[in-house]
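Let's walk through how two chains meet, one question at a time. Have the picture open while you read.

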Amino acid sequence: MKKLQCVVVAALLVAGVLLQGQTVEGPIRIGFLVPLSGPYAQNGRDILNGFLLLLDEIGYRAGGREIQLLAEDTEGIPAVALTKARKLVESDGVHLMAGGLLSSTGYALAPYIDSMQIPMVYPVVSADDLTQRRGSKWIVRTGYTGSQPNHPFGDYAYHTLGYRTIATIALDYSFGWESVGGFQRTFEEAGGRVTQQMWTPVSVHDFAPYLAQISRNVDAVYALFLGRATLQFMRQYEEYGLKDRIPLIGAGTTTDEHALPFMGDEALGVITALHYSAALDSPANRAFVSAYRARYNKLASYYAESMYSGGKWVIAAIEALDGQVDDREVLLNALRAARLTDLPRGSVELDAYGNPIENVYVRRVDRVNGELQNTVIDTFPRVSQFWNYNPAEYLAQPLYAR
Amino acid sequence: MAEPDAALGGPRPPSNTESMSPRGWRLAIVLVLGLVFSAGPLLFSSYWVGLLTQMVILAILAMSLDILLGYTGLPSLGHAAFFGVAAYAVGVLATVHGAGFWTCVAGGLLVGTLLSAVLGLIVSHVRDVYFLMITLALGMVLWGLSFRWIPVTGGDNGISDIPTLAAHSGLPFAGPLALYYVTLLVFIACAGVMALIVKSPFGLTLRGIRENEGRMKSLGFNTWLHCYLSYVIAGAFASVAGVAWAYYNGFVSPTYLDLTASSELFLMVTLGGPATLVGPVLGATAIVLLKNVMSAYTARWLLVLGIVYIVTILVAPKGVWNLGPSGRSR
Amino acid sequence: MNPPALVLEHVSRHFGGLKAVDDVSLTIQPCARHALIGPNGAGKTTLFNVISGELPATGGQISLFGEDVTRLAPHQRAARGIARTFQITKLFPNMTVIENMLLACEALDRRKLVMFRAVSSYADLNQRAAALVEQFGLSGRTHEVARNLSYGEQRKLEVALSLAGRPRLLLLDEPMAGLSAGESTSMHAMLEQLDPAIAVLLIEHDMDIAFAFAERVTVLHQGRMLTEGHKDEVSANLGVQQIYLGMGAAE
C-alpha cells in the first residue's frame, strides 16, 4: 500500500507542476469563447470563422509578436462559459479574451471578468445594460446593443415608410425585448402606435397560433427572429397570405445572412435595420465578403463580420502597443481608444461606456443575380446606443423589458 | 463513508450485495479521490481548484439523487430543479433584497426543500417510468418558470452579481482555495449525514421499497410516506448543492435546472454506481474531468463523451464503483 | 368474549364481469387453524389479497378483531395484526437474509422512521432478527443475499418475514408449494409449532396437509363458498365433491 501511495503522490506532484498556469513571455494568447456545440453552434461557428479569417490574413502576427488563439466551446450554457473562461484566464494565462453570443453568457461572465481584471471583447452579445446601467470596466463591446439599430429604425418606419400602427412579434427574451423596446420608443415618440405585441418562446416551432392573432388593421408587422425560427416564420407569414396584405419589417437578425440563403421569395421586400449588411457596397466589405466566401463557401453573416471586425479591433490595440500587452490596464485603454475606419461595416469608435458608435443600415431584401441580399436603402451615420437622447437621462429610465 | 451499505454491524464475510467487488479496486478509488480532494488543491492551479470545487458540489448533488435513484429506486429526471431553485433563491435574496449570508443560505435551503415537500406530494404516488415522466415534466415546468417569470428570475439572462462567499459571509480567507475548502467541509458534512441516513432503519426501508414495494406494504410500511421523505431528503441535499453552486459561480441561470442538467446528473449516478454514495462522487468527478479535459483537445468531445458513457455502461453496468472481477459466482 | 380475528361479510371482488370472489362470508376465531381449499382459479389467492388489502373489495365488509378494515390500506391492516405470505415468494432479493429480517422486524416499530442512527446500533432489533433467522434454520445464511438462497430457504424466509411483526392473524398462501418432501415436512413441523395464540388461515393444495393442520375448512369454487365447517364434516362431504371439483386426484 505504501508503494501505491508514493506513486499517487508523485503523479499528483507532476500533474500539479504541469497544470500550473504558464506565464512566460512568448506569443500573445487570446482566449476565445463561443458555442461550438448545441443549438447556437452555427452562429458560434460563424463568429469563430470571421476571427480565423482575419488571423490568417495577418499571418497570426501583430505588434511583432505571434498571436495564439485558444478557442473554447461554451455550449451556449453560461455556467460552462464561466468554467471555460476560468480555464483560459487561470490555466492558460491568456492576455485577453473575446467572444460570447448570448446575453445570458454576457451577464454571467461580467463579474468574473471584472474580478480577474482581464480585458474582454464582446463582438456579438447585445444586452443593452452591459454597456449601460450595469457597465463593466473590462468589457469592450465591438458589436451593438439590441436597441441601437432599432432607435433609428422606429423613426424611419414612421417618417420614411409612413407607418402609423404596427404589431410586433418577437422571441421572448432580452434580445427581443430590447430590440422591440427600442423600436417602439422612437416609433411612438414620432407619433406612431404599437397596437399589438406578441412574444413567442425561444423554442417556438409553429407560428400558426400567433399569425392567426395578428391584427389585420395594422400598417406593418415588426418581427424579430433568428436561425431556424426566422425561416419558419417567413414561410408561414407568406402561407397565411399576410405577406401581400401587411408589409413585414423587423430586426436585423430576421433577414441576416446566416439564414437568408435558405429563404425564398417570401423574404423579398422585408425591411430591417442593422449595423451591417453583406451587400454593403464598400471596398472593405467587398474584400471581406469575397474572402469569406472563398474560404468558407458561405455568405458572410453579421456574426462572421462581428469577429472579423472585433479581431481587427484587438489587432489595432496590439499594434498600437507594439505588442507590449502584458499590462492589462494599458491593453484595456488601447482597446477603448482604438478607432477603426476600414471595417466591413464602416467606421467605428467607442463611446465613453465601451459601446460602438457606428452606422445603422436600413436594408431591404432583394434578389440580385439570383441570390437574396440585404440591399442597403438608407444609412443612419454614427448612431450611438443612446440615439439622440442624453445618456444620463436615458440611463435614468428602466431597461427595455416586455 | 467507504461502504455505507455495510451497515449491519458485526463481522461478516465480504459477500454483501452492494459491496461485493474486490476491495482493492474500491480502496484505490477511495484513496485517489481522498488524496485529490484533500491535497490536490494545494498543488494545482486556481483553474483546477475551481474544477475541484465543481466536482465537490456536483458530488453532493449526485449523492442526493442517489438516495432517490439508487436507494429508493425512484428514477428522477427533474432533480436539478431543486438545485436550481435553491440557487435562484440565493440569487434573488442576495441581489434584489440585499440579504445577508445566512439569510441567503437558509432561504436557499428552505425554498428548495419546501419545493420538494410540495412536489413530493404529487410524485410519491407513482413509480418507475411514470415517476420518470412526471419528474421530467415537473422539471420542465420549473425550467420554464425560471425562464418566463422574468420579474423574479431575470429570464434567460438569469441573475448575476451574487457576492462572493468571502465578501458575503465575512470569511477572513478569500479566493478559490478558501471557497474550495469550505465547500469540501460542506461536502463532508453532507456525505456523512447521507451515509448515516442510508445505514439507518429508515435507509433500510428505502432499499426495501426498491427491492419489493408490495412486500413492504404487507409488512406494514406506509411506503408512500417513505418515498415522500426520500424525495424531500434528496431535495434538501440538492438545495445544499444549489446554494454552494450559486456562491461558486456568482450567477444563476435557467440552464441550472434544464433537462440537460438533470440527465447529466442521472448519468453521474448510474455511471459511478447507484446505491453506493461513493459511486456518484466518482461519477461527478469523472464527468466534470472528462468534459473539461476532453473539450480542450477535440471539438468532437461530445462524441467522445458519448462513447465513454456507452462503454462504461457495457463494461460496468452497475457503475464504475462496482467494477472489477465479480465475486458473484455463487 | 374476544371479537373474532376475521369476519368477512358478503365480500366480493369482481374484475369487470369476472367474479373472482363472490359473496364470501367467513368468520375466523382467535387461535383458529383454518384451511382454505379449492381448485386452481377458485379465487383463494384473490380472497387473500382482499383480506390483506392488496386488492380493495368491490363489495362486502371485512373486520379484523372487531374493527372494520374494509377501506384500509395493506400497511394499516398489518398494523392491526394481520400478516401474510405469498404463493410466489416476495423477498428483498438483493438484500441479505438478516437485512430482510430486520426490515420485517422494524415494520411495525416506530423506529422505522429514525434517520440519524445506524440500524446496527439497535441491539434489540438485531437480536430479534437474528433469533428469527435461527428459528427458521437460516443462521448459516445470515449474510447471504436472498436472491442466492435455495428455493426451500426462500420459502422459509418468506414465512419468517411474516412472523416478525408478531401478527395475531396469519394468512399462509401455499407455504409448501414446490418444496421437496423433506422440506415440506420440516415446514409443516414449523407450522405446527406456531404460537397457538395466532389465528392461521392456510391455503393449501395438499388435502392431507390441509386436513392435518386445520380444525375448520372452507371450500372455495369459482369465487363462491361451496362449504364451510369442521374438517370432519367437510371431508365427509368432499367425497362427492372431489369428482365434481377435480380436486385431490392430481394432488
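A salt bridge here is a side-chain nitrogen of Lys or Arg within 4 Å of a carboxyl oxygen of Asp or Glu. This is a predicted model, where local features need pLDDT of at least 70, side-chain atom pairs count only at pLDDT 80 or more, and totals for chains, interfaces and linings use all residues. Residues are numbered from 1 along each chain as its sequence is written, chains are lettered from A and ligands numbered from 1 in the order in which they are written, and side-chain values use heavy atoms, with hydrogens and water left out.

Q: Which residue of chain A meets D161(B) in a salt bridge?
A: Between chain B and chain A the count is 2 salt bridges. In one of them, N to O is 3.6 Å, and the partner of D161(B) is R134(A).

Q: How many residues of chain A are in contact with chain B?
A: Contact means heavy atoms within 4.5 Å. Chain B brings 32 residues to the meeting, and on chain A the number is 38.

Q: What area is buried between chain B and chain A?
A: Buried area is the accessible area (1.4 Å probe) that two parts lose on being put together, summed over both. Carbon and sulfur atoms give 63% of it, and the total is about 3200 Å².

Q: Which residues of chain B lose the most area to chain A?
A: Three residues together make up 18% of what the chain B side buries. They are L43(B), Y47(B) and N157(B).

Q: What share of chain A is buried?
A: A residue counts as buried when under 20% relative accessible area (1.4 Å probe, protein chains only). Of the 402 residues of chain A, the share is 62%.

Technical notes:
Buried means under 20% relative accessible area, exposed over 50%, partly exposed in between (1.4 Å probe, protein chains only).
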